[in-house]
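Hi everyone, thanks for coming.

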Amino acid sequence: MRLAFISTLLALNLYSIAALDLTPSSSWRSPNITLSRDDRISIASSALEKAVSMLNQSNGQFSDGIYGAAGRLYAQMAEFDRLTNQTNYKDDLKKYFTLAESVKPDFLDETNYGYAAARAYNAYRDPEFLAFAVTSWGSARRYTISKEQAATGSMDVKQFNLTTSCSGATLAGGTYCRTDSSDTFLHGLASGYFLLVSALLAEATSNQMYTDAAVESADFIQSHLLDSFNMVGNTIVSISNGSCSVDLTKYLTHSGVFIEGFVILAEITQDTTIETLLRSTIDGVTTSSLWQGSDGVIDSRDAGGHYIVRALASLYERNTSSSSDLREYIKEYIGVQYNSIIEQARSSSENDIYGSPWTGTTSTSFDGDTQTMALTSLLSAIQLAENPGSSTIPTSSTTVSLPPQLTSTLPAVASSAKKNSAGIIAGSVVGGIVLLAALIFGTLFLRKLHRQRNDGTLVVNGRSPLLTPFTTTQNMASSGILREQHRRNQAKSARFPGVAMGGEPSSLGAADNGSTGIAGLNIRAELMASPGTQVASPENPPPDDRREHTLMEELLRSLNTRMSRNRWNAEELPPDYHEG
């Protein structure tokens, strides 16, 4: 089946090479959207809220009674939440789907609801929405010809015999638009929607049954309903004696759902040849004079324009690897429709109400059908890459401005995005300042520490004093403290001959009894191998004393640090010694 699908793509009748060269027309009206993304979200949110507020809470429908319009809105509610990463409409949608199914059990002959439910599942990943989508798909499956039914020429829901083939191709994959058992017309829109919902379910579940169904529908449309411009026609007669009569009247709706479904199916099957067909179909629908003028604005009062815009937005989002000219072409075409809706389809009485056609409307009252048509373009523009420029859209005669109720404050989603951005920026700045301050403080601290160490360097050589910044013993003896210590030592030595007082020098000479006295600290045991060994003179210390000098250097450096912290009072005398 997949081989047939791919071979059909390769056998397409491309009407000209020029049609594949997609270049935006210079006559297109305002193709660039210069409103910021936040402003686009704000405008779409306002229009969406208006539409939701008009739903009848008893049946989930608009008052105009168009069943499909409410289903279109459901898909838009889910899409807005997906684009803005929210779940605002999730619970409301569960309620509305239940109400809509009560109006038409199993969403019979309205696959629009299956599409909306599949989009809701894609946005929320809630199995309840997937169940709604499967229910709708099952209803459409009953009215879609299977391979077995095409071979036997019969269906349970039809009272006539089916033709087994038309122009050598099976009718498998074709879908009837009406549930009437005598209806013989396989319809382009119904078949396209079945393709689209099958592809969405295949993507959501990875179930081969949905993939096969989507491929069958794609094959059917390509085999029987594509015209020479690769746009989708209207119907083909399926009765055995109907001569396979085909109506190739073109509608935007038919080609729109076909493009969107084909884009999703190609992503599932990883078919890279699909762009050739899509470029041809896109060129046909975006240049046809049947529904648009030379300015590129869709001038149609039906819902067809919204299907094309929705399909192109899907292609723009999914196929980021497509040729850059295709993406730019799509972006500018959607921009034309968006700017026209903002400038020409907005109600003169209320800025969140939109009418049709998009070339200019005199409508002032709400209509669910035209509101949801416009909403598709408002939502599609959210995902387009921003163009540099201001928040207004200049044209030859008009300038787009935000609705009055939106100029004072953006919706919560837009303001939340701005706050998040501001918080990230502020946090980055504060973090950078703190880091810079830490680096500066650390640098200054290390420089100070380095300066202190340089000032207190221990010099151990034959020509320098032993300790720096401490003075030599001769200098220390000249201080008042050491003179007092010396006086006391002499007195105590007389009282206790032969006893060396720890922490007090025994003489004023360069060589003493082996004890270095500083603030009463006795370091004899750490420096002497045995009692009675004297500290060598700073003149040429022998090699064996290097370890002693190293220990002395570390101890004196530690003392120097403590003294620099005001722990030493030069005027304070050591405590008197009292014998045991």
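Let's start with helix α9 (residues 208-224) and helix α10 (residues 252-269), whose axes come within 11 Å and cross at roughly 130°. Helices here are DSSP runs of H or I with at least four residues, numbered from the N terminus. Axes are lines fitted to C-alpha atoms over the stretch in contact, with angles from 0 to 180 degrees between N-to-C directions. So α9 is oblique to α10, because angles under 35 degrees count as roughly parallel, over 145 as roughly antiparallel, 65 to 115 as roughly perpendicular and the rest as oblique.

Before going on: this is a predicted model, where local features need pLDDT of at least 70 and side-chain atom pairs count only at pLDDT 80 or more, while totals for chains, interfaces and linings use all residues. Residues are numbered from 1 along each chain as its sequence is written, and side-chain values use heavy atoms, leaving out hydrogens and water.

Which residues of α9 and α10 make the contact? On α9 they are T211, A214, V215, A218, I221 and Q222, and on α10 they are F258, F262, L265 and I268. Contact means heavy atoms within 4.5 Å.

Now to D212, which also sits in α9. D212 is partly exposed, because its relative accessibility is 28%; buried means under 20%, exposed over 50%, and partly exposed in between, with a 1.4 Å probe and protein chains only. Its C-alpha atom is 9.9 Å from that of L195, 17 residues away along the chain.

Zooming out, the chain has 20 helices and three strands (E runs of at least two residues). Buried residues make up 49% of its 580 residues.
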